[in-house]
Amino acid sequence: MILDALIAGLVLVAAGWTLAARDAFAAVIGFVCFGLLLTLAWARLGAVDVALTEAAIGAGATGILLLFAVVRLRGGTEEVAAATPSPPQRIAAGLLAAAIGIALALAVMLLPDPAPSLAAPAMAELPAFGLGNPVAAVLMGYRGLDTLLESVVLVFAVLAIWSMAPDRRWGGVPGPRFPRAEHGPLSLMARLLPPIGIVIGIHLAWAGADAPGGKFQGGTVLAAMWLLAWVAGLAQAPAIASRRLRLVLVAGPLVFLAVGLAGMLVADGFLAYPPAFAKPLIVLIEAAMTLSVAAALALLIAGPPERAA
Amino acid sequence: MSMLLQLLGLLVIAAGAACFALGTIGLLRFPDTLSRLHALTKADSLGLGLVALGLLPFAESLGEALLPFLAWGLVLLSGATTAQLIAERARR
Amino acid sequence: MTIYGLLGAALVALGLYGLVVQAAVLRKILAFNLLGAGVFLLFGVVARRGAAAGLAADPVPQAMVITGLVVAFAATALAIAMALRMHQITGAATLAEPADE
Amino acid sequence: MAEALLLLAALILAAVGLGLWRVLRGPDPADRLMAAQLLSTGGIAVLLILAAATRAAGLQETALVLALLGGLVSVAFVLAARLAGPR
């Protein structure tokens, strides 16, 4: 109980600081702390799968993305001051936000008792998928369509970011060029960490069937390891025109879609798995998705192409 | 016996918590970036190591006992690296 | 667990306020992420309350939050790419209309 | 035992949480980052203790992911600062 109050209080402080900081850089550090603390909140809420995702994506990947963005987005302080709403407008916005917050708080206090739950039906059908992790069963089984569309959203987000590049850069190499770290601490870390990280990433993706974890968490760790090698200059970013890169990017959604369509022929409908093959099919999709998620996340952080191939 | 070991483990974890507290005090009280960096690196490597050690009697399998040490090793590696990088930057 | 529900409500309010009041695009993106985190936490409380059948939390809201987190990350990355491009072309870091000459 | 572990976790979190003050104060960006790093290590410790206290699967893995990505965030900070050049 003390722990929960402490976590909630610290999350609130970090959130307040993210908004109140004068310097954008300080705000980003506040946001990284916020993501970290939120991971603890999810662990306390018994949602370990979400805690893993928050640790990987909320605190890690978003933090890296924002840190690289903040140094390139140096706004003039005068411009920001001129565009900031006047005090009366801010008070009005504050009142509106407070009203919505209070309404939500009331809704939380008045949540129905006993709480409706899909936990029991989700558990009842678990053996049909051959999975031990109910969250994975929801993602791949009952709500498979959501997850398929989500994987497509990732590909579209990468395409949208690529399309931010000027026309002459199309097909080029994303992100800045980092000098190769031959010696020194960064080089050591970039050589030692990825092998361990890759094993952990694959473990998370594989163990996701029966324990917390899965393709998104594992894929994020894999993407992070590639990013480390990239910023240390040990790996080059591939040109976005690269066939192989594009194939890896769409492999997961394509396999998912193919299995879904096959379900219409051999099972009950779109995304229905034939009972005898549910587990192997899900593992196949997860494996392809892990690669695609890793590629997509790394490309989302690297940004639009900035140099010729 | 295992009860006794667990009590001992709690003591070791408490020592780890004290290390974290010392690190925070150093971070808050030391006058400049480099000395604060010194406080931070001692505290987080030793603090987490003690926690991993103190959790040993609570583990129910070998993997469960070793995983905290893997996390500790990762923190040591990245902590040592980033301390160097931050110091390099702060000295400029 | 109510405390996390209240935290979620507070985060939604804070994020909404920041989204309206802050001028710089990057700060708006941060505020939007705070708002999203608040909504996810509300889902988390619903999941926790639905603990049954030997599970610590209802898996269905959890799966929705995982989907949401990944999509929120993609949206953040896209928003940042757009903001950077806008900054490259116009030099602006806010969405304010240019002052009349 | 579980209660004692949770209490220790709260103590560690309180200790590193106080470091948030350094995130707020700065003055150098590196100071803010260091406080965030201490918070990350403390968070790893809290997760490991929670894993032992509640016996929930996956919490140790969450701590591992934080350990892997926490260092990367710090590296990203230093490289971003290099990209920005001297201020």
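A residue is called buried if 20 or more other C-beta atoms lie within 10 Å of its own, exposed if 12 or fewer do, and partly exposed in between, with C-beta atoms placed from the backbone. The model is predicted, and local features need pLDDT of at least 70, side-chain atom pairs count only at pLDDT 80 or more, and totals for chains, interfaces and linings use all residues. Residues are numbered from 1 along each chain as its sequence is written, while chains are lettered from A and ligands numbered from 1 in the order in which they are written.

**View 1. A92(A) in its helix.** A92(A) is placed in helix α5 (residues 87–109) of chain A; helices here are DSSP runs of H or I with at least four residues, strands are runs of E with at least two, and both are numbered from the N terminus. Because A92(A) has 14 C-beta neighbours inside 10 Å, this residue counts as partly exposed. From A92(A) to M225(A) there are 133 residues in sequence and 45 Å in space, C-alpha to C-alpha.

**View 2. The side of chain C that touches chain A.** Here 68 residues of chain C are in contact with 78 residues of chain A, two residues being in contact if their C-beta atoms, placed from the backbone, lie within 7 Å. Helices α1 (2–21), α2 (25–49) and α3 (59–90) of chain C each supply at least two residues of this side, and α3(C) gives the most, with 22 residues. By class, this side of chain C has 52 nonpolar, 11 polar and five charged residues. Ala, Val, Leu, Ile, Met, Phe, Trp, Tyr, Cys and Pro count as nonpolar, Asp, Glu, Lys and Arg as charged, and the others, Gly among them, as polar. Of the five pairs of chains in contact, A and C share the most contacts.

**View 3. The meeting of α8(A) and α3(C).** The axes of helix α8 (residues 134–142) of chain A and α3(C) come within 8 Å and cross at roughly 65°. Axes are lines fitted to C-alpha atoms, for helices over the stretch in contact, and angles run from 0 to 180 degrees between N-to-C directions. On the side of α8(A), P134(A), V135(A), V138(A) and L139(A) meet P59(C), V60(C), Q62(C), A63(C) and I66(C) of α3(C). This contact has eight nonpolar, one polar and no charged residues.

View 4. Helix α13 (residues 278–302) of chain A has 25 residues and reaches 36 Å from its first C-alpha to its last, close to the expected 36 Å. The expected span is 1.5 Å times one less than the number of residues. Of the 25 residues of α13(A), 20 are buried. G303(A), with a positive phi near 90°, follows α13(A). In chain C, α3(C) has 32 residues and reaches 46 Å, close to the 46 Å expected; G91(C), with a positive phi near 75°, follows α3(C).

**View 5. Chain B and its neighbours.** Seven residues of chain A are in contact with six residues of chain B. The chain A side of this contact divides into seven nonpolar, no polar and no charged residues. No contact joins chain B and chain C, and their closest C-alpha atoms lie 20 Å apart.

**View 6. R55(D) in a loop.** R55(D) is found in the loop between α3 (29–54) and α4 (59–84) of chain D. Its phi is near 60°, a positive value in a residue other than glycine. R55(D) is exposed because 12 other C-beta atoms lie within 10 Å.
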